[in-house]
Amino acid sequence: MANKLVLFSAGAVVLASAVYVGGVYYTGVKVNEYLNGIENNQTISKQLNYYLPGSNVSCKVDADSFFAEQGNFILTFEDETVKIPFTIKKGFGSAKTVIGTDDFVSFVEKNDVIKFAPNTVKANLEFDSSVFSSKIKGHGSLNADYQNNSKGKLDSVLDIDLTSDEDVITHLNIKNLQDDKSFSVKEIEMSGNMQGLTDLKSIGNSSVIVKGFEARPYKFDNLKLTSKAVNQTKGGDFDMNITLSGDDLFGYLLNYDIDFTLSKFNTNVLEKVSQNTAIDENAYQEILKSLNSLTVNKLNGRVGKIVAFFTGIQNVDQFNLTSAGKFTWNMEEGMDSLKGNLTVKSDSNKNAEQFFVEKNGAFESELSIENGRLTVNGKPFL
């Protein structure tokens, strides 16, 4: 009985080892297939040319073993060539790609705008992937101490998820970013998702959150910007909904809450433009020519100091505004086709009687534009 147990245990170990070795070998085969074909990979080429038109990437493996491969991704753009070192660690059906960051760290250390303490800049970037699915997870970070000890430390993290249905999800968080002169921000958080690598399927949504921003003479505690594709059709048409909220919009509007929708865009047009090796004026016109309306769902806030100065308003606390409206146009007919109105309501019109008139127990301002003329409450503006 004991001998059978020993033989069974030994057999299980041998079998497990064989399965593991086979899994690692299969991973190596798939990794080699991918690296050998990276130069002709249409998905990678397309995404790369979207950001760097006319560029291409290839791969050179310098060392290959059963459990790891080392080499360089070679990126060429115009007359420049950049080598990006990598190490791929092969496991059972999975691979971890570690990107060399020494050149990037050196670039950050030598920049003239933000001064970091010597030998404190640390960066890493790695990707986990599975040969049995198309899921990829990426993680990166950049940390450094400032040369001025009182400024604390820069801390940033990047996460990327690519799911099996080509959903690309990104998240970037940066804390305590500042220079030696007049710029500082406590935290920046950016996130977004889109669907489609081979072909663009959905533009998805994104958000940017900024806290504790200061760049003389501007300063605010918080700002949030979001964008979302809405009203999507099978033909690729969609509208872009954009929201913006915060405490101070550069002195023009306080405690603001803005929501508007731009109509319309088309994913097929965006896809076609992204395939061009060069983005020119005609490409942008192709994107913009389908735009035909701007709906202001809400534009709320309190009058800021700059607006108060130019309008003669003395007590900004009494001017809480709520607004809504819509504008339409035809790009082929030019700016003369622009028409629409925006209704702005206020809780006061003191020292601003020329803008806000009493109507139905409230104070309103009706801004209209048609045939190239802007009117306020039915009267020509300026």
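Where does Pro-217 lie? In this predicted model, Pro-217 sits in the loop between β10 (202–215) and β11 (218–230). The peptide bond that joins Arg-216 to Pro-217 is cis. Its omega is about 5°.

A cis bond also turns up between Ser-263 and Lys-264. Here omega is about -10°. Lys-264 belongs to a strand, β13, which covers residues 253–266.

Strand β13 also holds Asn-255. This residue is not a glycine, yet its phi is positive, near 45°. Is Asn-255 buried or partly exposed? Its relative accessibility is 47%, so Asn-255 counts as partly exposed.

Asn-231 also has a positive phi, of about 55°, and is not a glycine either. Look for Asn-231 in the loop between β11 and β12. Asn-231 is exposed, because its relative accessible area is 55% and the cut-off for exposed is over 50%.

The largest nonpolar core has 45 residues. Phe-116, Val-121, Leu-154, Leu-177 and Tyr-256 have the most contacts inside this core. Strand β12, residues 237–249, gives the most to the core, with 5 residues.

Take Leu-177 as a way in. Which residues is Leu-177 in contact with, leaving aside neighbours within four places in sequence? They are Ile-114, Tyr-146, Leu-154, Phe-183, Ser-184, Val-185 and Ile-188. One of them, Leu-154, is also on the list of residues with the most contacts inside the core.

Another core lies apart from the largest one. This other core has 6 residues, including Phe-86, Ile-88, Ala-95 and Ile-99.

Technical notes
Residues are numbered from 1 along each chain as its sequence is written. This is a predicted model: local features need pLDDT of at least 70, side-chain atom pairs count only at pLDDT 80 or more; totals for chains, interfaces and linings use all residues. Side-chain values use heavy atoms; hydrogens and water are left out. A nonpolar core is a set of buried Ala, Val, Leu, Ile, Met, Phe, Trp, Tyr and Cys residues joined through side-chain atoms within 4.5 Å. Buried means under 20% relative accessible area, exposed over 50%, partly exposed in between (1.4 Å probe, protein chains only). Helices (H or I, at least four residues) and strands (E, at least two) are DSSP runs, numbered from the N terminus. Contact means heavy atoms within 4.5 Å.
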